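Hello,

Here is the structure I promised to pass on to you. Have a look at it first, and then read on for what turned up in it.

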Amino acid sequence: MIIKNLKNPTHRSRWIAAIAAVAAAPLLLAGCTADAAPDLPAGEVGGKLTYWFAMESTDDESVAQMRETYVDPFEALYPNVTVDLIPQADEGATAKVQTALAAGQGPDFIETAGSATAIPFAEAGYLADLGPLAEKEGWKDTMFPWAMDMGVIDGKLVAMPVTYETLVLYYNKTLFDEHGWEVPTDRASLESLAEEMEDAGVTPFTAGNADYFGATEWQLSAYLNQVAGPGAIHDALAGEIPFTDDVFVDSVQMMVDDFQNGWYGGGVKQYFSTTDPQKYAKFANGDAGMFISGSWELFALNEYFGESNSDWAWAPLPPMASGVPSDVCPLSVGGTMSINAASKNIPAAEAYVKWMFSDIDARWNAIETIGDLPLPVAFDPADVPESIDPRFTEQYTAISDASLAENVGYVTWTSFGGAQEAYILENVDRLLTGDLSAKDFCKALDEAYQKDAAAGVIPPLFDTSAR
Amino acid sequence: MTQLLASASVESAAPGAVPTAPRRGRLRRRGRLIAIAFVLPALAVNLLVIGGPTVSSIIYSFTDWNGITAPEFVGLDNWVRLLGDDTFWNALGHNFIYLLIFLTAPMAMGLVGAFMLSRIRRGAALFRVLFFIPYLLVSVINAQIWRNLLDPELGIASVLRGMGIHWLDDVYFFADKDLALYSVAFVDNWHFWGFLVVLFLAAMQGIDASQYEAARIDGANAWQEFRHVVLPGIRPTLTFALTIIAIGALLVYDYPFILTAGGPAGSSDVASLLVNRTAFVSREAGYASTIALALSLLGGVFLIFFNILRRREEEN
């Protein structure tokens, strides 16, 4: 029918016009949506970049601050590049990117919560290879070895860790000084201190997960490092020992016992009921003496302790079993950044990543103004601006030293595979309520490990000397 | 289409038809076509936003899709897993408890509230607004109000403690695994029951006034009036309320999410939260589709049941 009609000149011209319109449509659309770099002198980059920035609060002031910190300095350096910063609520930001990518859309940068989250994106071919850029920029010499390792998926560097943290023991220094308490250095001294604190009407640890139900995972990671030790965790993640090993069951059981004895927040129900502001306030006003958490707490602590006119300090997590080394820093990656392999402006996206990992002053500014955390790059404490809280510098210097000495440990949300992480989040609180035994928990954790191993989704494993 | 053709042929062949019959048939056909044309845009949108995702969910429910990489067909594995998944049955069980709570407390409160309001002559509008206000508040705000009120350290318990009353000292409404689900349902009920009051009141006002008068002349008291006049008179509305409650209880998400996130330890978990976690935390979008589909099937069963109920009412 079509062929017949095409023989008619009028019909033919219409069909040619229609075919031409259909053929031109993608080009026209591409013209509307693609961010092709304008004609520029060689060596310069230009065009538009779309950056979906996950934020806790997307109010105008926070967005403006974010723009000042993460866009303006870059645009000043690359005046031909425009960064379209689109704020996204933290909750569900990765899911939005996931949906957009599945629909063939998505921003130029893909941020994930860590290597475990980045793996499926890499397997789907969404993440561009950053290896050549890393080699050109010599990142191997400046970044921590573990950070580079964590970004390599299927042999390619595709996800750059953008922040890192560790788990430590914070304590209310004012309260400790008042009572003459010493920071615990092992299980015995911790037990004795907890008893003294309870006698004085002080809860040993402030804690609560009413605002973030996954918070119990922080405690679990701490106990795994403090009782089983980083060496055992490494060996389990390498498949050399099972997660059903007694060292893990003992670690989990000790955590459960401590919770049920009221060490954390005063009791299990109280722990489930306590919100973040209540948790910080109790710690700052001396109702609780210690706090096990990560480096990300530094700014919140300053706010609450400032209000209560008291002082806080930190110490490494005390080892709680014989043979477990001290001064270990369990390493946590707070997030990764990748370039969307389908980005229409890879040169500009690479320029942005390059800027991010080279403009260290801008990062210190971000740390100071918006409470961001450092990049996993070796640094000289002498270069840290004086305005940065010395306790912050001290903590990050300790992580830096531990990283270079490989005296590091593992946290579940960074080093465990997706099935294990999902199982932990889903079930860790059932340990505390007594609905799940430590043995069954570890058995299921081992099964989840086998599932992750079979699917090849265990994050790259960095080495540790903390044995 | 077949019907259109059949009716046209019957009309044209009818020996006793009036002369304007063919014209009338044409007009009727045209009228139907116009009606179809009006329906088509909505139908197309529905097909796009409901039909498309439904079909893809059905397909994905038979795959191991993680939401990112290419899915692989796994047959009935997800469905077999669902049958033995304690987390799913725990969540679904909570949906049914929610359903039971909502079929009783807010229904009873709504009926009583509406009946009492229907008997008030002065200030009825004011009470109607007061009852309806919680329904107009955003769920996040409602939830936060109650979270603060029931907080053991800041809320009612703290005020009572200040007065030397220690009834609520160790009551953790959202943190006790034996109370969390009921506390969440309570807050949701507080927000919802005003809507039922307004709904039932409107239905009650539609009852013929002569029926009330007849009942009063026969010496019926308030309870008898409620039982023999009001309840039969608002049956279609009751069936409608039951339907939206049943579907709502099956799909409930916002209040459990805001107040407890399904915790502590899954004690207030519901199926919609589980679908979300399975898809975006566990990254098992295929299995999440299976759970979602199972919920939809269950919702379909509810709809069929209530539709039968509604038809019986209409027949009666």
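In chain B, Thr87(B), Phe88(B), Ala91(B), Leu92(B) and Asn95(B) of α4(B) meet Ala271(B), Leu273(B) and Leu274(B) of α13(B). Sorted by class, this contact has 6 nonpolar and 2 polar residues, and no charged ones. The two helices, α4 (residues 86-118) and α13 (residues 271-280) of chain B, pack at an angle of about 145 degrees, and their axes are 8 Å apart. Please keep in mind that this is a predicted model.

Chain A has a helix pair to look at as well. Helix α3 (residues 60-70) and helix α19 (residues 360-370) of chain A have axes 10 Å apart and pack at an angle of about 160 degrees. Angles over 145 degrees count as roughly antiparallel, so that is how α3(A) and α19(A) run relative to each other. The crossing of α3(A) past α19(A) is right-handed. Which residues of α3(A) meet α19(A)? They are Gln65(A), Met66(A) and Thr69(A), and their partners in α19(A) are Asn365(A), Ala366(A), Thr369(A) and Ile370(A).

Finally, the two chains touch: 21 residues of chain A are in contact with 21 residues of chain B. On the chain A side, α5 (93-102), α6 (115-123), α15 (268-273) and α22 (418-432) each supply at least two residues. The most comes from α22(A), with 6 residues. By class, the chain A side divides into 9 nonpolar, 6 polar and 6 charged residues.

Enjoy exploring it!

Best wishes

Notes: Residues are numbered from 1 along each chain as its sequence is written. Chains are lettered from A and ligands numbered from 1 in the order in which they are written. This is a predicted model: local features need pLDDT of at least 70, side-chain atom pairs count only at pLDDT 80 or more; totals for chains, interfaces and linings use all residues. Two residues are in contact if their C-beta atoms, placed from the backbone, lie within 7 Å. Helices (H or I, at least four residues) and strands (E, at least two) are DSSP runs, numbered from the N terminus. Ala, Val, Leu, Ile, Met, Phe, Trp, Tyr, Cys and Pro count as nonpolar, Asp, Glu, Lys and Arg as charged, and the others, Gly among them, as polar. Axes are lines fitted to C-alpha atoms, for helices over the stretch in contact, and angles run from 0 to 180 degrees between N-to-C directions. Angles under 35 degrees count as roughly parallel, over 145 as roughly antiparallel, 65 to 115 as roughly perpendicular and the rest as oblique. A crossing is left-handed if the near helix is turned anticlockwise from the far one by less than a right angle, and right-handed if clockwise.
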